[in-house]
Amino acid sequence: MSTEHTKSIAIRLADELFNKGNLGIVDELIASDAIDHNEPAGTDCRQHFKQVATLLRSAFPDLHFAFEDVVAEGDKASIRVIMSGTHRGSGAFFGVPPSGNRFEIQQMRLVRIINGQMKESWAVIDMLGWMHQLGAMPPRPAAGGEALLRGH
């Protein structure tokens, strides 16, 4: 499989699932034995991705994934995504009731594509920034906070 094909599958999966809400794409583009390394061992990856997409699209009806960078080598693709939306859907998100707040955060995802399907997934998501923007946590400190990182 070419690196361009690997990239196209990774983008198509995220676009169809999160931007368009097409849950059926999961069974087509995620292997039945796929592993999401951010979840406990034994998690049904297909079911998990369907649940996450449903939760996100319910909490953020205008959810949008913008694909900023996609880099592939061999059977792996790395994607930098800007996720955005407005917290106005029904129900809570991680215990936070709908706030009406808009968010925009970054996510980095690495996927391994085998035989046209995602076989493995790793992600880094700015959850702290997300919770700040939804009003669930106090805002990040202004200038001067870097001193905390240096141990002063």
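Let's start with Val-111, which stands opposite Ser-121 in β5. That pair belongs to the pairing of β4 with β5, where eight bridges join the two strands and they run antiparallel. Please keep in mind that this is a predicted model.

You'll find Phe-94 in the loop between β3 and β4. With a relative accessibility of 59%, Phe-94 counts as exposed.

In what order do the five strands lie? The order is β1-β5-β4-β3-β2, in an open sheet with mixed pairing. The strands at the edges are β1, residues 30-36, and β2, residues 64-73. Each of these has a single partner strand, so one side of each is left without a neighbour in the sheet. If you look at the strands one against the next, neighbouring strands are turned by 25 degrees on average, ignoring direction.

Let's go through some of the pairings. β3 and β4 run antiparallel, and eleven bridges join them. If you want a spot to look at there, find Arg-80, which stands opposite Met-108 in β4. Then there is β1 with β5: these two run parallel, and three bridges join them. In that pairing, Ile-35 stands opposite Glu-120 in β5.

Thr-86 is found in β3, which covers residues 76-86. Is Thr-86 buried or exposed? Thr-86 is buried, because its relative accessible area is 14% and buried means under 20%. The side chain of Thr-86 makes a polar contact of 3.3 Å with the side chain of Arg-102. If we leave aside neighbours within four places in sequence, the residues in contact with Thr-86 include Ala-59, Phe-60, Pro-61 and Asp-62, and also Gly-100, Asn-101 and Arg-102.

On to the helices. α1 and α3 pack against each other at an angle of about 50 degrees, and their axes are 9 Å apart. What do we call that arrangement? The two helices are oblique to each other, and therefore neither roughly parallel nor roughly perpendicular. Who makes the contact? From α1 we have Leu-17, Phe-18 and Asn-19, and from α3 we have Phe-49, Val-52, Ala-53, Leu-56 and Arg-57. Sorted by class, that contact has six nonpolar residues, one polar and one charged.

Here is one more residue, towards the other end of the chain's helices. Gly-135 is found in the loop between α4, residues 127-133, and α5, residues 146-149. Gly-135 is exposed, with a relative accessible area of 53%. Where in space does Val-96 lie relative to Gly-135? The two are 39 residues apart in sequence, and their C-alpha atoms are 8.5 Å apart.

Let me finish with the whole chain. How many helices and strands are there? The chain has five helices and five strands. Going along the sequence, the pattern reads α-α-β-α-β-β-β-β-α-α. The C-alpha trace spans about 50 × 40 × 30 Å along its principal axes. Of the 152 residues in the chain, 37% are buried. And if you take the contacts between residues at least 6 apart in sequence, 57% of them join residues at least 24 apart.

Methods
Residues are numbered from 1 along each chain as its sequence is written. This is a predicted model: local features need pLDDT of at least 70, side-chain atom pairs count only at pLDDT 80 or more; totals for chains, interfaces and linings use all residues. Side-chain values use heavy atoms; hydrogens and water are left out. Helices (H or I, at least four residues) and strands (E, at least two) are DSSP runs, numbered from the N terminus. Buried means under 20% relative accessible area, exposed over 50%, partly exposed in between (1.4 Å probe, protein chains only). A polar contact is a pair of N or O atoms within 3.5 Å; within protein, one must be able to donate a hydrogen and the other to accept it, and residues adjacent in sequence count only if both atoms are side-chain atoms. Contact means heavy atoms within 4.5 Å. Two strands pair if DSSP finds at least two bridges between them. Axes are lines fitted to C-alpha atoms, for helices over the stretch in contact, and angles run from 0 to 180 degrees between N-to-C directions. Angles under 35 degrees count as roughly parallel, over 145 as roughly antiparallel, 65 to 115 as roughly perpendicular and the rest as oblique. Ala, Val, Leu, Ile, Met, Phe, Trp, Tyr, Cys and Pro count as nonpolar, Asp, Glu, Lys and Arg as charged, and the others, Gly among them, as polar.
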